[in-house]
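Let's work through some exercises together, one step at a time. Keep the sequence and the 3D view open beside you as you read.

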Amino acid sequence: MALDTGLVEWVRDALAPIGTVTMRRMMGGATLYCDGTVFAILAFDELWFKADTESDAAWDAAGADRFTYGAKGRTMVMNYRRAPADAYDDADALRDWARLAIAAGLRAPRRKTRKKG
């Protein structure tokens with residue numbers, strides 16, 4: 001599965017008024033950051049926004065599916081929601097959904113870094 005660089009550029013351009021979007025490739029997709037905060041992933045040719053219990057009601061109201069994948073015979077669920085359709089062609093809508101996801105990213109516990117040595 002190839003990374004949709006056009007989608008990455010759309011997100012970067014649309015979110016430029018609120019911050020700088022950077023990307024880190026991962027297993028055929030990418031993690032997206034806005035000013036250093038994880039707010040989305042690109043996987044299965046779709047955009048998935050960071051979610052949490054505080055934002056779940058908004059995602060549920062939009063009908064945004066949870067990100068799931070199969071591993072070791074089980075269905076795994078991650079705290080990401082499928083981007084609503086308007087996020088793909090309406091920059092204002094993309095910014096609104098991204099703000100919700102950035103807030104969830106800012107609330108997420110920070111990962112501890114391992115000490116080398």
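Two residues are in contact when heavy atoms of theirs lie within 4.5 Å. This is a predicted model, where local features need pLDDT of at least 70 and side-chain atom pairs count only at pLDDT 80 or more, while totals for chains, interfaces and linings use all residues. Residues are numbered from 1 along each chain as its sequence is written, and side-chain values use heavy atoms, with hydrogens and water left out.

**Exercise 1. Describe the surroundings of Met76.**

Step 1: Find the residue; Met76 belongs to strand β6. Helices (H or I, at least four residues) and strands (E, at least two) are DSSP runs, numbered from the N terminus.

Step 2: Set aside the neighbours within four places in sequence; Met76 then touches Phe67, Thr68, Tyr69 and Ala71.

Step 3: Judge the exposure. Buried means under 20% relative accessible area, exposed over 50%, and partly exposed in between (1.4 Å probe, protein chains only). Met76 has 23% relative accessibility, so it counts as partly exposed.

**Exercise 2. Classify the ring pair of Phe49 and Trp59.**

Step 1: Recall the rule. Rings of Phe, Tyr and Trp (its six-membered ring) pair if their centres lie within 6.5 Å; planes under 30 degrees apart count as stacked, over 60 as edge-to-face and the rest as tilted. The structure holds six such aromatic pairs.

Step 2: Apply the rule. The ring centres of Phe49 and Trp59 are 5.7 Å apart and the planes meet at 20°, so this pair is stacked.

Step 3: Phe49 is in strand β4 (residues 46-50) and Trp59 in helix α2 (residues 56-61), ten residues apart, and the pair links distant parts of the chain. Both Phe49 and Trp59 are buried.

Step 4: Widen the view. Ring pairs join Phe39, Phe49, Trp59 and Trp97 into a cluster.

**Exercise 3. Characterise the second largest pocket.**

Step 1: Start with its volume, about 290 Å³. A pocket is found on a 1 Å grid over the protein atoms alone, as an open set of points where a 1.4 Å probe fits, with protein on both sides within 12 Å along at least five of seven lines; lining residues have an atom within 4 Å of a point. Grid points are joined across faces, edges and corners, and a volume is the space filled by probe spheres set on the points.

Step 2: Look at the lining. Eleven residues line this pocket, and Met26, Met27, Ala43, Phe67 and Met78 are the closest to its centre. Strands β3 and β5 (66-71) each supply at least two lining residues.

Step 3: Sort by class. Ala, Val, Leu, Ile, Met, Phe, Trp, Tyr, Cys and Pro count as nonpolar, Asp, Glu, Lys and Arg as charged, and the others, Gly among them, as polar. The lining has nine nonpolar, two polar and no charged residues.

**Exercise 4. How many helices and strands does the protein have, and in what order?**

Step 1: Count three helices and six strands.

Step 2: Read from the N terminus: α-β-β-β-β-α-β-β-α.
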